[in-house]
Amino acid sequence: MTVQNEAPAAGAEEALEVWIDQDLCTGDGICVQYAPEVFELDIDGLAYVKSADDELLQEPGATTPVPLPLLRDVVDSAKECPGDCIHVRRVGDGVEVYGPDAE
């Protein structure tokens, strides 16, 4: 009998990216408190993601990779966000695994 490996949990070994819908952002800054390496509030009072080089990405829908050591902090940010505006999805197929549109 052959035993097959089970598929990893959502996002467990796959590359993930995160983006913020600024139209829904309330500017509370909870995401920045959880993961300041990934999120930043801009002078407009809204949160944005940052590039790996710490550059603020202000283009609508801009994404940044989720560093594995920060995955828990990014997921907690998405769960606690009062605006439900943080989206974490798999890079490979674009499926949202954490956030308001996650299945």
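This is a predicted model: local features need pLDDT of at least 70, side-chain atom pairs count only at pLDDT 80 or more; totals for chains, interfaces and linings use all residues.
View 1. Residues are numbered from 1 along each chain as its sequence is written, and side-chain values use heavy atoms, with hydrogens and water left out. Strand β6 (residues 86–90) has 4 of its 5 residues buried, so it is largely enclosed by the rest of the structure. Buried here means under 20% relative accessible area, with exposed over 50% and partly exposed in between (1.4 Å probe, protein chains only). Strands (E, at least two residues) are DSSP runs numbered from the N terminus, as are helices (H or I, at least four), and two strands pair if DSSP finds at least two bridges between them. Strand β1 (residues 16–20) runs antiparallel to β6 and is joined to it by 5 bridges, with Val18 standing opposite Val88. Strand β7 (residues 96–98) is also antiparallel to β6, through 2 bridges, and here Val88 stands opposite Tyr98. Follow the chain from β6 to β7 and you trace a hairpin with 5 residues between the strands, where Gly94 in the turn has a positive phi of about 75°.

**View 2. The open sheet β2-β3-β4.** Strands of a sheet pair through backbone hydrogen bonds, either parallel or antiparallel. In this view, 3 strands form an open sheet in the order β2-β3-β4, with antiparallel pairing. The edge strands, each pairing on one side only, are β2 (39–41) and β4 (56–57). Between β2 and β3 (residues 47–50) there are 3 bridges, and Phe39 has Val49 in β3 as its bridge partner.

**View 3. Ala47 in strand β3.** Ala47 belongs to β3 and counts as buried, at 2% relative accessibility. Contact means heavy atoms within 4.5 Å. Not counting residues up to four places away in sequence, Ala47 touches Ile20, Gln22, Cys25, Cys31, Glu40 and Leu41. Look also for Cys85: it is 38 residues from Ala47 in sequence and 9.6 Å away in space, C-alpha to C-alpha.

**View 4. Thr64 and its surroundings.** Thr64 lies in strand β5 (residues 64–65) and is buried, with a relative accessible area of 3%. Its side chain reaches the backbone oxygen of Lys50 at 2.6 Å. Leaving aside neighbours within four places in sequence, Thr64 is in contact with residues including Leu16, Val18, Val38, Val49, Lys50 and Leu57.

View 5. A cavity is a set of points on a 1 Å grid over the protein atoms alone where a 1.4 Å probe fits but cannot get out, and its lining residues have an atom within 4 Å of a point. The count comes to 2 cavities of 30 Å³ or more. The largest cavity has a volume of about 70 Å³. Of its 14 lining residues, the closest to the centre are Asp28, Gly29, Ile30, Cys31 and Cys81. The second largest cavity holds about 30 Å³ of space, and its lining is made up of Ile20, Gln22, Tyr48, Val49, Leu57, Glu59, Gly61 and Ala62.

Definitions and conventions. A polar contact is a pair of N or O atoms within 3.5 Å; within protein, one must be able to donate a hydrogen and the other to accept it, and residues adjacent in sequence count only if both atoms are side-chain atoms. On a 1 Å grid over the protein atoms alone, a cavity is a set of points where a 1.4 Å probe fits but cannot get out, and a pocket is an open set with protein on both sides within 12 Å along at least five of seven lines; lining residues have an atom within 4 Å of a point. Grid points are joined across faces, edges and corners, and a volume is the space filled by probe spheres set on the points.
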